[in-house]
Amino acid sequence: MTGLPLLPSILVDMLGSIADLFFAFLAMRYAYLLTRKQQENFLWGYLFYICIAISAFSISRAAGHLVKQFLFISGNNDIWHVISPYSGGVNTLMLISVSAVTLFYHKGVQSHQVIAKKAAKLKQANFLLEEAAEKMRALNQNLEEINTHLEEKVKERTAELSRSEEKFRHLFSASKDMVYFCNTNQEITDINESGLEMLGYGPNDHPGLRLQDIFANDGALATFFNFMQRDGYIKDFEAEFKRKDDSIIIVLLSATAIKDEKGNIVSCEGIAKDLTKVKTMMEQLAASEKMASVGQMAAGVAHEINTPLGIILGYAQLMMDDFDKDSEPYQNLLVIERQTKASRKIVADLLKFSRQTGSARENLDLNEILTDVVAVTEHNLHLDHIQVHLDLAENLPPVVGDAEKLRQVFVNLINNAHHAMEEQGRGDIYISSWFDPDKKQVIARVRDTGHGIPDDVQARIFDPFFTTKPVGKGTGLGLSVSYGIVQDHGGIIEVESPVQDKKTEKTFPGTAFTIRLPEATDTEAVHLEKDN
């Protein structure tokens with residue numbers, strides 16, 4: 001065979017096959033290292049599969065070329081002709097594999113890009129979710145802090161409300177004035193114990209009261225509601241309340257309307273203060289002022305009348321010497337003498353009332369005076385079936401005064417009690433004494449079980465010449481003279497009718513006179529004399 005030598009081409013073919021194998025495996029190694037370094041990178045994984053396919057194709061092709069050259073050199077061409085179809089088929093199959101892998105590279109890259117975009121969006125969404133979760137955690141923490149503070153504030157407000165309710169309940173229950181609540185039907189829905197006590201009910205009573213039941217005057221109730229409708233409140237409204245026993249008390253009422261969101265009155269709350277004792281004290285004070293004025297006037301009048309009465313009495317007695325005792329002129333002069341002496345006695349009583357008569361003072365035991373007075377009056381009292389009950393405190397401090405005048409005071413009081421029970425045919429007089437260490441006063445009390453003194457008369461009983469007795473039964477100077485004597489001793493005389501027991505709070509019929517005299521401060525007797 002004539003031609004160019006084949007050895008260079010054979011060597012190049014063999015070297016090329018070896019180089020093809022080397023670079024194919026080298027590329028596959030680098031692709032493998034890239035996949036190990038960035039395992040999440042799709043491209044490096046796809047490139048590694050391409051390198052595997054190329055390496056398989058290089059092995060198939062290089063092995064075919066090397067086997068072919070070795071068979072040609074060794075002279076075994078026949079063997080090559082037998083295996084060459086198989087070698088070509090394998091090469092073709094490997095080439096198809098490489099082509100297939102390479103053909104889908106573009107679609108793989110597109111898919112990777114789409115997946116990458118989706119992954120980026122998912123990553124962004126995950127980031128946003130993490131950010132939102134972080135905000136939620138921060139918000140949750142803030143909510144927990146707010147909830148903690150809210151719980152503390154709720155507890156604090158609850159404690160404040162509890163303290164406020166406790167204060168209100170204490171004020172409601174401990175108040176000595178009446179505190180009440182009522183609805184629009186005038187029904188009293190709640191009232192404190194002092195209010196029940198003021199109306200004469202016990203703490204366990206549930207009387208179901210209405211305002212119209214306790215207002216003694218319908219006109220006052222109408223005025224009360226007119227003020228509530230017009231102004232929404234009423235202040236310092238003086239009214240009369242009716243107690244359980246139908247007795248009347250005077251109260252100072254203040255109330256406020258409770259309105260709903262629309263401004264309609266739904267209920268009211270009020271406070272009522274009992275002014276009955278205050279009214280009585282003010283009436284007594286007014287009577288005291290009036291008695292002082294009357295006393296000053298009586299002193300002047302008594303002195304002016306005493307002189308002409310003395311002259312009339314003197315001339316009448318002189319003229320009686322000029323007539324026989326059995327003659328009519330003598331009898332007429334005797335009437336003049338008797339009536340003049342009666343007038344002088346009235347003048348003397350006026351002088352006693354006006355405290356212008358002489359007064360001898362010494363330290364006295366009030367119990368002795370009371371015992372002496374009872375001994376003198378007890379016989380007449382027993383004739384009318386009136387029993388005297390003595391309750392005198394032991395070791396009573398002395399008082400400074402005139403024993404005879406103080407006896408006169410208690411005789412007048414016992415006689416008044418006797419007259420108050422005459423029509424009954426029987427009765428009881430309770431005489432007691434005690435000492436008030438706080439006020440430094442020695443107190444004596446005379447109480448009867450008679451018919452009592454009407455309210456409209458109590459303010460006038462100490463007025464001179466005022467009497468409820470029939471004509472000829474009294475001059476009306478007994479209590480006024482007693483009033484002047486007690487005041488002259490620096491004391492106070494009080495009247496109560498009907499009588500209420502402060503311990504049991506029960507009310508008894510009759511009248512009680514209470515005399516309060518100051519305790520003696522000096523141990524030695526004091527003597528004072530006043531000229532007529």
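**Labels and their criteria**

Guide: α10 is followed by histidine 385, whose phi is positive, near 60 degrees. This is a predicted model, where local features need pLDDT of at least 70, side-chain atom pairs count only at pLDDT 80 or more, and totals for chains, interfaces and linings use all residues. Residues are numbered from 1 along each chain as its sequence is written, and side-chain values use heavy atoms, with hydrogens and water left out.

Visitor: What makes α10 a helix of the expected span?

Guide: Helices are DSSP runs of H or I, at least four residues; strands are runs of E, at least two. α10 (residues 366-383) has 18 residues. The expected span is 1.5 Å times one less than the number of residues. That gives 26 Å for α10, and its first and last C-alpha atoms are 26 Å apart.

Visitor: How do you know where α10 bends?

Guide: Axes are fitted to the seven residues ending at a residue and the seven starting there; the bend is the angle between them. At threonine 377 that angle is about 45 degrees.

Visitor: What makes β11 and β14 a pair?

Guide: Two strands pair if DSSP finds at least two bridges between them. β11 and β14 have five, in the antiparallel sense, so they pair.
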